[in-house]
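Reader: I have a structure to go through and I'm new to this. Can we take it piece by piece?
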Amino acid sequence: MPDAPAITNAQPMPTGDDSACGLPGGTVRMMPFGHICAADRAAWDALGTECSTRGAANVFAQPWVVRAGLQHINTADVTLAFVNQPDGQLIAVIPLIPAQR
């Protein structure tokens with residue numbers, strides 16, 4: 001799929017007494033799965049490699065596993081949340097799928 005710009009509704013995390021979450025001033029960017037740009041894909045892969053190197057990897061959260069799994073569902077409904085620290089370092093990618101209530 002062609003690269004597309006990120007959804008522009010990214011909002012900074014609140015900067016109040018939220019130090020327990022480790023993200024004062026960090027950001028969460030929401031992006032449709034089918035529109036991940038090359039830079040975000042590379043950052044996500046690097047995060048997976050870093051976690052594996054540190055022995056903190058959960059194989060089910062590795063980028064290659066998530067991407068392979070998402071190929072088997074209707075990805076039009078999948079949004080990825082890219083969580084960055086204030087310095088811009090990617091610390092998590094979370095796949096989100098809306099659920100019917």
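Reader: Which residues in H1 meet which in H2?
Author: Arg41, Trp44, Asp45 and Gly48 in H1 meet Pro63, Val66 and Arg67 in H2. Contact here means heavy atoms within 4.5 Å. Helices (H or I, at least four residues) and strands (E, at least two) are DSSP runs, numbered from the N terminus.

Reader: What classes of residue does that contact have?
Author: The contact of H1 with H2 has 3 nonpolar, 1 polar and 3 charged residues. Nonpolar covers Ala, Val, Leu, Ile, Met, Phe, Trp, Tyr, Cys and Pro, charged covers Asp, Glu, Lys and Arg, and the others, Gly among them, count as polar.

Reader: Before I go on, where does the model come from, and how are residues numbered?
Author: It is a predicted model, where local features need pLDDT of at least 70 and side-chain atom pairs count only at pLDDT 80 or more, while totals for chains, interfaces and linings use all residues. Residues are numbered from 1 along each chain as its sequence is written, and side-chain values use heavy atoms, with hydrogens and water left out.

Reader: Back to the helices. At what angle do H1 and H2 pack?
Author: Helix H1 (residues 38-53) and helix H2 (residues 63-70) pack at about 125°, and their axes are 9 Å apart. That makes H1 oblique to H2. Angles under 35 degrees count as roughly parallel, over 145 as roughly antiparallel, 65 to 115 as roughly perpendicular and the rest as oblique. The axes are lines fitted to C-alpha atoms, for helices over the stretch in contact, and angles run from 0 to 180 degrees between N-to-C directions.

Reader: How many salt bridges are there?
Author: The count comes to 2 salt bridges, each being a side-chain nitrogen of Lys or Arg within 4 Å of a carboxyl oxygen of Asp or Glu.

Reader: Which residue pairs with Arg67?
Author: Asp45 does, with the closest N and O atoms 2.7 Å apart. Arg67 lies in helix H2 and Asp45 in helix H1, so the pair ties together parts that are 22 residues apart in sequence.

Reader: Is Arg67 buried or exposed?
Author: Arg67 counts as buried, at 14% relative accessibility. Asp45 is partly exposed, with a relative accessible area of 30%. Buried means under 20% relative accessible area, exposed over 50%, and partly exposed in between (1.4 Å probe, protein chains only).

Reader: And what does Asp40 form a salt bridge with?
Author: Arg29, and the closest N and O atoms are 2.7 Å apart. Asp40 lies in helix H1 and Arg29 in strand S2 (residues 27-32), so this pair ties together parts that are 11 residues apart in sequence. Asp40 is buried, at 10% relative accessibility. Not counting residues up to four places away in sequence, Asp40 touches Arg29, Met31 and Phe82.

Reader: Change of topic. How do S3 and S4 run?
Author: Antiparallel: 6 bridges join strand S3 (residues 79-84) to strand S4 (residues 90-96). Two strands pair if DSSP finds at least two bridges between them. Val83 stands opposite Ala92 in S4. The hairpin of S3 and S4 has 5 residues between the strands, and Gly88 takes a positive phi near 95° there.

Reader: What comes in the segment after S4?
Author: Pro98 has its place there, and Pro98 counts as exposed at 60% relative accessibility.

Reader: Last one: in what order do the elements run?
Author: From the N terminus on, they run β-β-α-α-β-β. The chain has 2 helices and 4 strands, and 25% of its 101 residues count as buried.
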